[in-house]
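This report covers one protein chain. It starts with the conventions for strand pairing, then turns to the fold, the sheet and the helix packing.

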Amino acid sequence: MKDFGLILNNHSLKATPQRLEMLSIVDHIGHVSIDGLYSKLKTKFENISLATIYKNVNSMVESKLLFEVKIPNAKSVYEIVKDDHSHLVCKSCNAVIDIKVNMDSMVNDISFEYNFAVDRTDFILSGLCSGCRD
């Protein structure tokens with residue numbers, strides 16, 4: 001089991017019960033929207049507000065503990081920061097799947113051609129997952 005209290009402290013964030021539960025939910029689900037977090041947290045913290053969730057998620061994004069995955073034509077989802085990766089998004093069930101894509105050649109070509117220092121690549125492929133295609 002991950003020590004989310006230590007993880008929060010390492011990111012200069014106080015380990016509150018709400019934050020600990022938020023991280024547990026994100027870790028368990030993998031990618032979760034603010035609405036998804038709200039519905040899960042409401043079962044344990046009935047008085048928690050949507051504003052509190054936004055505030056805490058924003059703090060965790062700013063401290064580089066959570067990463068916002070901006071999904072085209074949909075609400076963003078959040079994940080615990082990990083190694084660079086890309087995403088597959090199902091247009092039917094909204095599943096978000098982590099994938100490894102070697103972007104080195106493309107980044108090098110673009111950096112050279114446009115004299116641009118790329119420091120992050122956000123690559124999202126959308127389509128239908130195997131479950132929704134069947």
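## Conventions

Two strands pair if DSSP finds at least two bridges between them. Helices (H or I, at least four residues) and strands (E, at least two) are DSSP runs, numbered from the N terminus.

The model is predicted: local features need pLDDT of at least 70, side-chain atom pairs count only at pLDDT 80 or more, and totals for chains, interfaces and linings use all residues. Residues are numbered from 1 along each chain as its sequence is written, and side-chain values use heavy atoms, with hydrogens and water left out.

## Overall fold

The chain has six helices and five strands. Their order along the sequence is α-α-α-α-β-β-β-β-α-β-α. The C-alpha trace spans about 50 × 40 × 30 Å along its principal axes.

Of the 134 residues, 31% are buried (under 20% relative accessible area; exposed is over 50%, partly exposed in between; 1.4 Å probe, protein chains only). Contact means heavy atoms within 4.5 Å. Among contacts with a separation of 6 or more, 45% link residues 24 or more positions apart.

## The sheet

Three strands form an open sheet in the order S4-S3-S5, with mixed pairing. Strands S4 (96-99) and S5 (124-127) stand at the edges; each has a single partner strand, so one side of each lacks a neighbour in the sheet. The twist averages 25° from one strand to the next. Angles run from 0 to 180 degrees between N-to-C directions, and axes are lines fitted to C-alpha atoms, for helices over the stretch in contact.

S3 and S4 run antiparallel and are joined by four bridges. His87 stands opposite Asp98 in S4. The two strands S3 and S4 form a hairpin with five residues between them. In that turn, Asn94 has a positive phi of about 70°.

S3 (residues 86-90) pairs with S5 in the parallel sense, also over four bridges. Val89 has Ser126 in S5 as its bridge partner. Four of the five residues of S3 are buried, so S3 is largely enclosed by the rest of the structure.

## Helix packing

Two packed helices are described by the angle between their axes and the distance between the axes. Helix H3 (residues 34-44) packs on helix H4 (residues 50-62) at about 120°, with the axes 10 Å apart. That makes H3 oblique to H4 (under 35 degrees is roughly parallel, over 145 roughly antiparallel, 65 to 115 roughly perpendicular, the rest oblique). Ile34, Leu37, Tyr38 and Leu41 in H3 meet Leu50, Ile53, Tyr54 and Val57 in H4. This contact has eight nonpolar, no polar and no charged residues. Ala, Val, Leu, Ile, Met, Phe, Trp, Tyr, Cys and Pro count as nonpolar; Asp, Glu, Lys and Arg as charged; the others, Gly among them, as polar.

The axes of H2 and H3 come within 10 Å and cross at roughly 130°. H2 and H3 are therefore oblique to each other. Their crossing is right-handed. Gln18, Glu21, Met22, Ile25, Val26 and Ile29 in H2 meet Leu37, Lys40, Leu41 and Lys44 in H3. By class, that contact has six nonpolar, one polar and three charged residues.

## Ser33

Where does Ser33 lie? Ser33 is in the loop between helix H2 (17-29) and H3. Ser33 touches Ser76 and Val77, leaving aside residues up to four places away in sequence. Ser33 and Phe67 are 34 residues apart in sequence, and their C-alpha atoms are 11 Å apart in space.

Methods. Left-handed = near helix turned anticlockwise from the far one by under 90°.
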